[in-house]
Amino acid sequence: MKKILYIFIAATIFIFNGCGDQKVDNPNIQNISSLTSEITVGKKIQNVTINDQFDKPISLTSKTKKIIFVFKKASGHTVRNFLDSKPDDYLANKNVAFIADISGMPSIIASMFAIPDLQKHKYPVMLIKDEDAAKKYKNEKYEDYITIVSLNNFRITSITLVSTAEQLEKILN
């Protein structure tokens, strides 16, 4: 029975994530003016509260300066590896929120593997679990990138797409 479960899990991961990580066509830092109708330079982000990996609700505040969005496994791993090399309070000290979209992941995989893995990390990861909620933030054209949204009192001042930890660090500093 365990063998069948492992085969099912492996097949599900393969189907939803492919057999390898996606590569970004343009490895350069890109600035865009709009990601979605909700995430557009000049607009305000309102009332964002998302549960983290411990199912604790976290809200963006007027102090939030940047939001890191990831929509794919590969970009999520890039951010995770970057943050694992930083002090536990790195995001808090920089007033940065980290939001990961796991809405496309089968709930059994999320609950058995992804969320327990995220719970090993000291920093909060806000998790988008609902596909309708993800649509507010996700643009399939850019989903392979790490997206950094810069804010000033909830108003979006820039949207930057990066693909490496070095680029992420440059934008966050």
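**Figure 1. Confidence of the predicted model across the protein.** In this predicted model, the pLDDT averages 86 over the protein, and 84% of the residues score at least 70. Residues 4-24 have a pLDDT below 50, and beyond near neighbours in sequence this stretch makes 20 contacts in the model.

**Figure 2. Overall organisation of the chain.** The secondary structure consists of 6 helices and 8 strands. Along the sequence these elements follow the pattern α-β-β-β-β-α-α-β-α-β-α-β-β-α. Of the 173 residues, 42% count as buried. The accessible surface of the protein comes to about 9900 Å², and carbon and sulfur atoms account for 52% of this area. Among contacts between residues at least 6 apart in sequence, 76% join residues at least 24 apart.

**Figure 3. Buried and exposed faces of helix α6.** Helix α6 spans residues 165-172, and its buried residues are Q167, L168, I171 and L172. These residues lie on the same side of α6 because they cover an arc of only 130° around the axis. The exposed residues E166 and K170 are carried by the face of α6 turned away from the buried side. The packing partners of the buried residues of α6 include both strands and helices. The strands are β4 (66-70), β5 (96-101), β7 (146-152) and β8 (155-162), and the helices are α2 (73-84) and α3 (90-94).

**Figure 4. Buried side of helix α4.** The buried residues of α4 are I109, A110, A114, I115 and L118. An arc of only 130° around the axis contains them, which places these residues on the same side of α4.

**Figure 5. A nonpolar surface patch that includes M112.** I108, M112 and F113 form a nonpolar patch on the surface, and together they have about 240 Å² of accessible area. M112 belongs to helix α4, which comprises residues 107-118. With a relative accessibility of 38%, M112 counts as partly exposed, since that class lies between the limits of 20% and 50%.

Figure 6. T64 is located in the loop between β3 (57-59) and β4. The relative accessibility of T64 is 8%, so T64 counts as buried; the limit for this class is under 20%. Leaving aside residues up to four places away in sequence, T64 touches N95, A97 and L151.

Notes: Residues numbered from 1 in each chain as written. Predicted model: local features only at pLDDT ≥ 70, side-chain atom pairs only at ≥ 80, totals over all residues. Heavy atoms only, no water. Buried < 20%, exposed > 50% of the residue type's maximum accessible area, 1.4 Å probe, protein only. Helix = DSSP H or I, 4+ residues; strand = E, 2+ residues; numbered from the N terminus. Arc of directions from axis to C-beta. Contact = heavy atoms within 4.5 Å. Patch = residues over 30% accessible without salt bridge, like charges linked within 9 Å, V, L, I, M, F, W, Y side chains within 5 Å. Areas by Shrake-Rupley, 256 points an atom, 1.4 Å probe, with all protein chains shown as cover. Salt bridge = Lys/Arg side-chain N within 4 Å of Asp/Glu carboxyl O. pLDDT = per-residue confidence, 0-100.
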